[in-house]
Each structure stands twice: as C-alpha cells, then as structure tokens.
Amino acid sequence: MLRNEAGSLLPMAAVGFLVLAAVVGGGLDLSRAHKAENRLQAACDAGVLAGRRAVGTDGFDDDVENEARAYFANNFDAEQQSSLNVVFTPTSDDNGNTVAGTAEADVQTAIMTIFDYDTISISVACSASMGVGNSDVTMVLDSTGSMGWTLDAGGPTKLSMLQDAMKNFYDTVDASVAGGNARIRYAFVPYSQSVNVGRLLQSSWLVDEMDIQSREPQYETTTVEEFSHWEDPEYSSSEGFSEIWISDQGVIDGQEFSSRDECRNYLGNIDGLDNGASATMWENVGAGSSEDDTRINNNGQQVTTSTETQRQLRYSYSCVEERRGWFWFSRTYYKPVETVEQRDRYLYSQETRDPVMKTVVTTEFSHFLYKAVEYDVSTYKTFSSATTPTGDDGADVSSTWPGCIEERDTTPAASFSYNSVVGITPVSANDLDIDSAPTSDDDTKWRPMWPDVAFYRTEWVSTRNGGYWDLTNSHESDYGGQAVSRCPQRAQLLTEMNESAFDSYADSLIATGNTYHDLGVLWGARLSSPEGIFASNVNAAPSNGGNVSRHLIFMTDGAMQPSISIQSAYGIEYHDRRVTANGSNHHTRRHNERFLAICEAVKAKGIRLWVIAFATGLTDELETCSSDDSSFLAEDADELNRAFQEIAKEVGELRIVQ
C-alpha cells in the first residue's frame, strides 16, 4: 500500500481522525462541564438556602455568610468536578430577607487540551427567600412567679427575655410575608395556677351557683332592756322655810319704864300695834331667785325640781325686864325692844316622769367558721361587683371577677391516657374534654374563680416540741386563712395583629402564681382546635383560599409545681379533692399524667406542638409532650431567642427564587 501511488487514503484518514477527536472530545468535555455546572448550581442553591435559614435578628451578618459558604463547600467538591478557581459569593440587598449568590469555576478539559483548550469556564446565580403560608400560632406562655426572677444579679428578668424573643419572632415571620397575601394569626394563653379566659366564654357556659372553700361569720345574740322614752310628767308642789335668824335688835327710842304695863302701853301706841303685840307679818325683801335641778331618783324616775327662793323679814316687839343695883338696893326697869327676824321662803315645783323601757336584741360578730360555702355567682360572673360578708369581723367586701376560671368537674383518677378512638380517658373527666361545649348540666360548666372569698382550713397539731398549724381534714374549722390566688394576663383568640398590637400584648404579660402545665396546654388546645368551642374562629377561611398550618408553642421556665393549699383552677385542692382522693397523694404526678394526655390529643389534631424549656431542664414530660424534632432547651436569653427563631423559620417555608 505504501508503494501504491494511486490514492490518498492515509492522509485523509489522519485528517478524519483529528476532526473526529475534536467532535468527540468537545462533546465529552462539554458534557463534563455541564455536569459540573449542574453541581455548581445545586451547591449555590444549598448555600443560599443555608444562609437564609441562618438569618436571625441581626440580619445578613458574618455568621450568615460563613454558613452559606460552608454549605456551598460541602456540596461542591472541586477535585471531583475537575474544577479550578472555584468562587462562591453570597450577598443580600435587603439585610437577609433574600440571600443571593453567584458561583463560578473553571472545569479542566480531558481531550480538548490537545487543541489548546485547557479549561471551560462555568458560572451560575442563585437566591433564596423564606415565605410563610397561612399560619395560626398559639403561644402558651408560662407566666408563673419564677418568670419574674433574673438569671444574674441585676440582670433582666426571664419575663423580659421572653418578651424580647416574642417580638423578634413576630419580626421574622412578618418579614417573611412581606409583599404576599398570607394570613398569620396569633392566639395567647398565659398560664399559672389558672387561665384568664372569662371574657372568651359565653355566660351560659358558667355556673350560677358554686361551692367555694370559704368562711362564714358567726354571731352571738344578746337581749337587753334599754330606755326608750319618758312618760308624760306628773306635777306636784310644796313650800318650805329656812331657819329663822335674828339680824338686829335694839331699844325703841331709848325709853325705859318702871313697870311692865307702862312699857306695853307704850308699845301699843307704836304703829297701831295692839297693846302687848309681839310681832308683825312676814314681808318679802328684795327680788327672789330660781333654780332648776334634774336628777334620777332611786326608783329610776326623772325628777325635775324648780326652786324659787324669797328672802323675808319680820319685826317683833317685847318689853325686856332689867334689874339694876345691889341686893336690897336693886330696882327693876322695863325697856321696849324691837327685834328684826329673817328667813328664806322656798316654793318647790316638781315634774316626775316614769321611764318607758324597750327590749333590744343585739347580734355581734363572734368568729368565722371556715367551711365550703355555696355562693350565688350569677352577678359576679358578669364582671359586676358582688358583696360578701367575708371581711374582718364579718364586714362586707365588694369584689369584681378578674376573669380566671375554675375547671369543669373531673375525676381523681390515678392515670390518664389518650387514644384516637375514645380520646382522653377516663371520659368522666369533663375538665380534659378539649372540644365539647357545656350543656345544661353544671358538671360540664366552668366556674368563675373568686379569690376574695377563698379560704383554707387549719387545725393545731401538737408535738413534743410544741406544735404547728396544718391543713385539716375536717369539713369545718374555727381557724383558717386567705388562700393565695393569682390570675395571669387575659388569653386571646386567634387574630391578625400588627406589630404594635403584638408588642403591646407581649409587654402586658405578668409573672405570678404556681406552675400548672396541664392547664396551659389544655387551653392552648381549646383555642387551637378546629372542632372545639372556638371552631368558628379557628376555621375562619383566609381570603387567599389557601390551607392553614397550625402551631402551638409551649414555653415554660420550670417543672410542674401545683400546690394543695392555694386556690387554683381546681379549687383548694387539699379540701376540694378534685385531682386526688385525699388532697395530696401523688399530686404532681397526677397533674403530669393529665399534661401528657392533653399533649397527645393536641398532636392528634395535626397541630405541631413546640416545647421550649427556658432556664430549666428539658424534662421527660416536656420532651414527650412535643412533636417530633420540636423541643428546645434554652439556658439564656440568646438561646431562647434562637429557639423562637428556629420555630419562626419552620412556620415559614424556605424556597429558591432564582
């Protein structure tokens, strides 16, 4: 063939091989480049998705950028893709609401390098945002007294940390719906030893009469005769005189007579007096005086005496014998003497009144009897003022319902459970019925919690060292005290809220009372249930016609902590014994049993149940209560905020927008 000069097969074959190599090699290298480009796009998408998910309250910061780069690097192996000069650049023009990225690389060629094409450049763009569909979020918030504590001396309270995390949660979700038509609604159930749902309930759902562990004033009755008035007076009068005294005496004209008869004759000629007359009539002298005196005599009569006093004079005349000289030389003379006498004349006028008596029956406070008392609450449950004689010494006390409730009738069972066929068992526990509305039977109705009339009973327990006061099993006692009763902020049904309204509600939360987890999650379930008493609110269709996802966020800073002596949604449990048969046996465990049964019922309704344990242990009960992968342990404010942010991102939906 070499010696054959008739054709050009070899050159033509060589040229053909070169063309074939270019065609085949170019296709192969372009295929490899396209594969690398697809992988680069996937890595870019993963990076911006991770970056968008990492966006927190600080927006697009270094942590977000580093998270995006890390996810990109984990999803694009440059060596495996035969790539050089790989560059990924994440950015955000709206501080994290949308995270964008560009990625580029040079893919090494396998065959085209013989034609001096060593690499093929590829580049992609990507961006991710988070959107939220229609969502209902019910926040069940621990509002017990410990939320008012601080984690560090002088630091903010746990409640203030919760309020900040709630507001950040709202901001995150709100940013995710910006520019869209998604509907977001919020409901709130602050809880402690009761829940404040009174204004959410129809009046007919509350009883009109109820027994409350309280106290009744006891009185002592006395009967006495008391003065009523005086009868009409009886009048009397009398006259009296004082002793007579001589005020003056003197000889008349200095006359002296030798015989008595001459003297008397002389007197008879004075002022027309008969011979021998001895006295004139009494004459009044000067003005008289008067005086009144009222007194009660020994017979109990009122005697008023008016005394008029008048001074009187009387003149008396007599012949006084006087002897002069000695012995047989003596001589008798007579001299006329005028004597002036004085006295006081009294005129007495008396009014004598007999008393009229009346029988008076008096009732005085003796002591309180501590016992269960039936109260009419038909006025109190309407938020009108009601008056009870439960104040000091039986004084009337007026009070108005704050809105917290006592639960429906229940059963003191040792254990509770939930299954999809019969629900929560035992079924006789009306209080754990999430969905049913009350009937005409009072056992199915709620009761207004009345703090002002709640009292526990005590008795003295003697010991070798003295003794102490303790709760008593007796149905009545003369001793007791005011039960501690706390009522948190009002609950709120699902409603759309602007930022100002949401923040105002968060700021209104207070920290007070004991921890009843079962009560909190129970009312969170009632406010969230599509089949329950608030179904018309829950099932209100959004205007966009889309489906609604439902979330219940349960946040607590402590384990279950019921008390047998306070007034709670279960009354004063030691006396009312609605949860335990003897008022105390396995008290906390029984409340936990109720809690877990309700949690299962919530999850069975398709509601995602999130649990956040804040500054406390994530107990087995709390972790069991939550939906899968939906529990958080937050030791401080930052971790609490991150927990709420993680939930906010789950409420929303990450999506690639480019």
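Over how many bridges do strand β24 and β27 pair, and is the sense parallel or antiparallel? The points below take up this pairing and other features of the predicted model.

1. Strand β24 covers residues 548-556. β24 pairs with β27 in the parallel sense, over six bridges.

2. **Cover of β27.** Strand β27 spans residues 608-614. It is mostly covered, with six of its seven residues buried. In a regular strand, side chains alternate between the two faces of the sheet.

3. Strand β1 (residues 83-91) and strand β2 (residues 98-108) run antiparallel. Seven bridges join them. Leu 84 has Asp 106 in β2 as its bridge partner. The two strands form a hairpin, with six residues between them. Look at Asn 95 in the turn: its phi is positive, about 55 degrees.

4. **Salt bridges overall.** The structure holds 27 salt bridges. The network links Glu 256, Glu 322, Arg 324 and Lys 335.

5. **Arg 185 with Asp 136.** These two form a salt bridge, and their closest N and O atoms are 2.9 Å apart. The pair links distant parts of the chain. Arg 185 sits in strand β5 (residues 184-191) and Asp 136 in strand β4 (residues 134-142), 49 residues apart. Arg 185 counts as buried because its relative accessibility is 5%, under the 20% cut-off. Asp 136 is buried too, with a relative accessible area of 2%.

6. **Glu 406 with Arg 578.** The side chains of Glu 406 and Arg 578 meet in a salt bridge at 2.9 Å, N to O. Glu 406 is buried, at 2% relative accessible area. Arg 578 is buried as well, at 13%.

7. **Asp 431 with Arg 594.** Another salt bridge joins the side chains of Asp 431 and Arg 594, at 2.6 Å from N to O. Asp 431 is in the loop between β18 (423-425) and β19 (447-448), and Arg 594 is in helix α9, so this pair ties together parts 163 residues apart in sequence. Asp 431 is buried, with a relative accessible area of 0%. Arg 594 is also buried, with a value of 0%.

8. **A negative patch.** Asp 58, Asp 62, Asp 63 and Glu 67 gather on the surface in a patch of negative charge. Asp 62 belongs to helix α2, residues 62-75. Is Asp 62 buried or exposed? Asp 62 is exposed, because its relative accessible area of 56% is over the 50% cut-off.

9. **Val 124 and Asn 269.** Val 124 is found in strand β3, residues 119-131. Val 124 is buried, with a relative accessible area of 9%. Along the chain, Val 124 and Asn 269 are 145 residues apart. Their C-alpha atoms are separated by 169 Å in the predicted model.

Conventions. Residues numbered from 1 in each chain as written. Predicted model: local features only at pLDDT ≥ 70, side-chain atom pairs only at ≥ 80, totals over all residues. Heavy atoms only, no water. Patch = residues over 30% accessible without salt bridge, like charges linked within 9 Å, V, L, I, M, F, W, Y side chains within 5 Å. Areas by Shrake-Rupley, 256 points an atom, 1.4 Å probe, with all protein chains shown as cover. Salt bridge = Lys/Arg side-chain N within 4 Å of Asp/Glu carboxyl O. Lys, Arg positive; Asp, Glu negative; His and termini not counted. Charge placed at Lys NZ, Arg CZ, Asp CG, Glu CD. Helix = DSSP H or I, 4+ residues; strand = E, 2+ residues; numbered from the N terminus. Buried < 20%, exposed > 50% of the residue type's maximum accessible area, 1.4 Å probe, protein only. Pairing = 2+ DSSP bridges.
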